[in-house]
Amino acid sequence: MKILLLGGTGEARRLAELLAREPGLSVVSSLAGRTTEARLPEGAVRQGGFGGVAGLVDWVKAHEIDVVVDATHPFAATMTEHAAEAARLAGVELLVLRRAGWREQAGDRWAWVDTPEEAARILPGLGKRAFVTIGRQGLHAFAAAAVPPEETSERDAAAPDRAAEAGASAGVWMLARCVDPPEPVPSWCEVVLDRGPYAVQDELELLRDRRIDVLVTKDSGGPMTSAKLEAARALGIPVVVIRRPPLPAGVTAVETVDQVVGRLTDRR
C-alpha cells in the first residue's frame, strides 16, 4: 500500500515512524517547507508545494498512491481542502488526523473568536500588554491594535502604575512568539523566536518578566504548547482563543496516531 503523508506536525513524525515498521506499507512524507530547519520524519520525504489541487492529483496518480493521510496542523485549512478535493478526483481514500482541541478548565478566562482580526479587535478591552502566540501566519492582523513604534520604548519603561498614563489609549504593547521570523519583521511588536515544547515554569517567568496581562493563541491543541495556558490560568490572565477552521464538507477526522495506524493496517 502506498501512502502520501501530509505532515509538518509532531503527530505526523510519529505516524511516519510507526508506519515505517509495518510490512507492506510504503510511506512518503510531504512537508510544505514553510518552516526552516524542520524536523524531518523517518523514511522518504518530499518538500515543497504541489501546485494546487491539480498538481496534487497528478502527483498522487503518477506515484500510484492508495491513501492520502492529512496530518497537517489544525489551522492548515487550505492544505486540508486541497487534500480532500484531490483525493476525491484521484479516487483514493483520505484519512485526516486532528489532535483534540484545548478545553477550558476551572479558573480559565477565555474569549473565543473566529479570526486573528477579531482577536485584534477585542484585545484592547482585555489588556495592555499582550503575548501573541499564533505564529507568523496572521500576525499582521494585530498591527492596528498595537502601540505605535515610537511609543513602545516609553510604554515598556513605564512603571506598571504609570502604564495607563503612558499613552494607554494608543494601543496594546505586544510580544509575538514565532518559530521563524515574520517577513517583513514587524516594527510594531517585539518578536521572540522559539520552538516548543515549553515548560510551565518558563512560561510563568516570561509572563511575569514582561508584565503580560492578556494571551492570544490558536486552538492548536496538544501538549507541545499548552504550558502557556497553564501559566495564564495560574496568573489569572485572560486568553483570546482563535477557533479552528472547519473541516471540508463530508470530511471527518480521527484524533490519534494509533487510530490512523489501525485503519491503515486493517485496510492492508
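Biologist: Why is Glu64 called exposed?

Modeller: Glu64 has a relative accessible area of 54%, and exposed means over 50%, whereas buried means under 20% and partly exposed lies in between, with a 1.4 Å probe and protein chains only, so Glu64 counts as exposed. This is a predicted model, in which local features need pLDDT of at least 70 and side-chain atom pairs count only at pLDDT 80 or more, while totals for chains, interfaces and linings use all residues. Residues are numbered from 1 along each chain as its sequence is written, and side-chain values use heavy atoms, with hydrogens and water left out.

Biologist: What makes the phi of Glu64 worth a remark, and where does Glu64 lie?

Modeller: Phi of Glu64 is near 55 degrees, a positive value in a residue other than glycine, and most residues other than glycine have a negative phi. Glu64 lies in the loop between helix H2 (52–62) and strand S4 (67–70), where helices (H or I, at least four residues) and strands (E, at least two) are DSSP runs numbered from the N terminus.

Biologist: Why is Arg211 called partly exposed?

Modeller: The relative accessibility of Arg211 is 28%, which falls between the limits for buried and exposed, and therefore Arg211 counts as partly exposed. Arg211, which is not a glycine, also has a positive phi, of about 55 degrees, and is placed in the loop between H6 and S10.

Biologist: Which class does Gly8 belong to, buried or exposed?

Modeller: Gly8 has a relative accessible area of 55% and is therefore exposed; its place is in the loop between strand S1 (2–6) and H1. Leaving aside neighbours within four places in sequence, Gly8 is in contact (heavy atoms within 4.5 Å) with Arg13 and Leu31. The C-alpha atoms of Gly8 and Ala32 are separated by 7.4 Å, although these residues are 24 apart along the chain.

Biologist: What makes a set of residues a nonpolar core, and which members of the largest one touch the most others?

Modeller: A nonpolar core is a set of buried Ala, Val, Leu, Ile, Met, Phe, Trp, Tyr and Cys residues joined through side-chain atoms within 4.5 Å. The largest has 23 residues, of which Leu123, Val132, Phe142, Met174 and Val216 touch the most other members. Helix H4 (116–122) and strands S7 (129–133), S8 (173–178), S10 (214–218) and S11 (239–242) each give two or more residues to this core, and S8 gives the most, with three. A second, separate core of 19 residues includes Val69, Ala71, Leu97 and Val254.

Biologist: How do you know that the peptide bond from Glu183 to Pro184 is cis?

Modeller: Its omega is near -5 degrees, and the bond is assigned as cis, while Pro184 is found in the loop between S8 and strand S9 (190–193). The peptide bond from Gly196 to Pro197 is cis as well, with omega near 10 degrees, and Pro197 is in the loop between S9 and helix H6 (200–209). For background, most peptide bonds are trans.

Biologist: Which residues make the contact between H1 and H8, and how many of them are charged?

Modeller: Glu11, Arg14, Leu15, Leu18 and Leu19 of H1 meet Val257, Asp258, Val260, Val261 and Leu264 of H8. Counting Asp, Glu, Lys and Arg as charged, Ala, Val, Leu, Ile, Met, Phe, Trp, Tyr, Cys and Pro as nonpolar, and the others, Gly among them, as polar, the contact has seven nonpolar, no polar and three charged residues.
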